[in-house]
Amino acid sequence: MMSDEYLVECNIDDDDDDDKDDDVKEIHSSPPPPPQFSSTPSLTQGEIRDPCGINKHLKIEFSDVLAEPVSTHSYDRVWVYSGIAFESMRLWGYRCLTALCAVPLSCLCGCLFALLACMHIWCVMPCLQVFHSCLPCVRSLWMSVVNIFIAPLCTSVARCCSGIYVVVSKE
């Protein structure tokens, strides 16, 4: 999408024939520089890190894990502090584990997907292309083997077994 600085405003009124250059924005000859990224990320409140909803089943809250029935209640402060402890440990435990594991696991996953892409491009697809080019010959050979050996054998076995009758009786 084009930014507003490249758009030109035109006054449509025919009454005003004064200097029209005052109403026109100046057109820049070169695009603005790209945004600079800092080493400290600034997270906005509305940032979506799972746009496809891959991990929507992991939205766990305190009430999903712990619940007290009406007949038994602990002290109110114990319940509140338990909820605070649960949320804090869930948040900080996740942050600590991701700080330790995220970069090595993402490197490992990147290498795995690179290996899969390489294998698919350089091994699987050439083999499939060879099979597709050789398959008509193999198919005609296989059909000949089936028609010469397997079909007569199955026909003979079917004729031998066609005279067998099974009678079920209760004694």
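**View 1. Surroundings of Ile60 in the predicted model.** Leaving aside neighbours within four places in sequence, Ile60 touches Val65, Phe86 and Arg90, where contact means heavy atoms within 4.5 Å. This is a predicted model in which local features need pLDDT of at least 70 and side-chain atom pairs count only at pLDDT 80 or more, while totals for chains, interfaces and linings use all residues. Residues are numbered from 1 along each chain as its sequence is written, and side-chain values use heavy atoms, with hydrogens and water left out. Ile60 belongs to the segment before helix H1 (62-65); helices are DSSP runs of H or I with at least four residues, strands are runs of E with at least two, and both are numbered from the N terminus. The relative accessible area of Ile60 is 34%, which makes Ile60 partly exposed; buried means under 20%, exposed over 50% and partly exposed in between, with a 1.4 Å probe and protein chains only. Between Ile60 and Glu87 there are 27 residues of sequence separation and 9.7 Å from C-alpha to C-alpha.

**View 2. The salt bridge of Arg90 and Glu87.** The side chains of Arg90 and Glu87 form a salt bridge with an N to O distance of 2.6 Å. The criterion is a side-chain nitrogen of Lys or Arg within 4 Å of a carboxyl oxygen of Asp or Glu, and the count by this rule is one. Arg90 and Glu87 are three residues apart in helix H2, so about one helical turn separates them. Arg90 is partly exposed at 40% relative accessible area, and Glu87 is also partly exposed, at 27%.

**View 3. A nonpolar surface patch.** Ile60, Val65, Leu66, Trp79, Val80, Tyr81 and Ile84 make up the patch, with about 630 Å² of accessible area together. Patch residues have over 30% relative accessible area and no salt bridge; like charges are joined within 9 Å and nonpolar side chains (Val, Leu, Ile, Met, Phe, Trp, Tyr) within 5 Å. Helix H2 (residues 76-161) gives the most, four residues. Val80 lies in helix H2 and is partly exposed, with a relative accessible area of 46%.

**View 4. Arg95 over the ring of Trp92.** Arg95 sits over the face of Trp92, 4.7 Å from the ring centre. The rule asks for NZ of Lys or CZ of Arg within 6 Å of the ring centre and within 35 degrees of the ring normal.

**View 5. The whole chain.** The chain has two helices and zero strands. Of its 171 residues, 1% count as buried.

Key
Accessible areas come from the Shrake-Rupley method with a 1.4 Å probe; for residues, only the protein chains shown count as cover.
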